[in-house]
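Hi everyone, thanks for coming. Please have a look at the structure on the screen, and then I'll walk you through a few parts of it.

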Amino acid sequence: MGTLTGKKVAILATNGFEQVELTEPMEKVKSAGADVEIVSLESGEIQGMNHDEKGDMFPVDKTVNEVSADDYNGLILPGGVLNPDTLRTNEKAVQFVRDFFVQHKPVSAICHGPWMLVEADVLNGRTVTSFPSIKTDILNAGGNWVDEEVVVDQGLTTSRTPDDMEAFCKKVVEELREGKHDRQTP
């Protein structure tokens with residue numbers, strides 16, 4: 001029996017996500033026993049990217065209009081530049097992210113994924129990492145940015161790039177297994 005059996009995890013993504021930043025965590029979380037749903041802005045399929053080349057298309061399970069943080073035990077935010085840049089302009093997507101913090105549930109973000117955390121205004125006083133180009137955005141949002149493979153701060157897991165994927169996935173599963181964190185607040 002998996003360590004995440006009975007848990008349900010959302011992956012919030014839209015066109016332009018870095019494919020490995022969705023597929024690897026999804027595979028690890030599923031293999032640990034969790035149910036995983038891809039949540040996006042619209043129904044249908046979304047386009048993955050392998051750096052600057054188009055990757056595969058992925059079916060959307062639910063739209064942000066159909067879900068609530070109440071429906072899930074945790075949230076994963078893949079990066080890619082276009083993905084979070086588009087998502088952060090959608091208030092329902094931003095509120096969806098914010099609600100995981102209000103409910104003290106684990107959130108994981110990699111690469112440019114922390115842009116959603118900036119927009120959700122949940123980084124004040126938090127230690128995080130990301131792709132280096134968004135360091136200033138994180139600092140301006142009150143976060144403490146560090147250049148480390150993976151950082152865990154009270155249920156919030158962040159990593160820099162796909163090169164950190166093994167450490168990131170390990171911590172994602174660990175934090176989901178631990179569940180709610182009382183100090184995971186916006």
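**A sheet, a helix and a loop**

Let's begin with strand β4, residues 45-50, which pairs with β5 in the antiparallel sense over five bridges. Two strands count as paired here if DSSP finds at least two bridges between them, and helices (H or I, at least four residues) and strands (E, at least two) are DSSP runs numbered from the N terminus. Before I go on: this is a predicted model, in which local features need pLDDT of at least 70 and side-chain atom pairs count only at pLDDT 80 or more, while totals for chains, interfaces and linings use all residues. Residues are numbered from 1 along each chain as its sequence is written, and side-chain values use heavy atoms, with hydrogens and water left out.

Back to our pair of strands. Met49 stands opposite Lys54 in β5, and Gln47 stands opposite Met57. The hairpin has two residues between the strands, and His51 there takes a positive phi near 60 degrees.

Which strands make up the open sheet, and in what order? There are three, running β2-β4-β5, with mixed pairing. β2 (17-18) and β5 (53-59) are at the edges with a single partner strand each, so one side of each has no neighbour in the sheet.

Now for helix α1. Its 13 residues reach 18 Å from the first C-alpha to the last, close to the expected 18 Å (1.5 Å times one less than the number of residues). Buried residues in α1 include Leu22, Pro25, Met26 and Val29, where buried means under 20% relative accessible area, exposed over 50%, and partly exposed in between, with a 1.4 Å probe and protein chains only. Just after the helix, Gly33 has a positive phi of about 110 degrees.

Glu21 is buried yet has no salt bridge, meaning a side-chain nitrogen of Lys or Arg within 4 Å of a carboxyl oxygen of Asp or Glu. The nearest side chain of opposite charge, Arg160, is 11 Å away; Lys and Arg count as positive, Asp and Glu as negative, and His and the chain ends are not counted. What does lie 2.7 Å from a polar atom of the Glu21 side chain? The backbone nitrogen of Gly79.

Last stop: Asp121, in the loop between α4 (115-119) and β9 (127-128). Asp121 is exposed, at 55% relative accessible area.

Conventions
A polar contact is a pair of N or O atoms within 3.5 Å; within protein, one must be able to donate a hydrogen and the other to accept it, and residues adjacent in sequence count only if both atoms are side-chain atoms.
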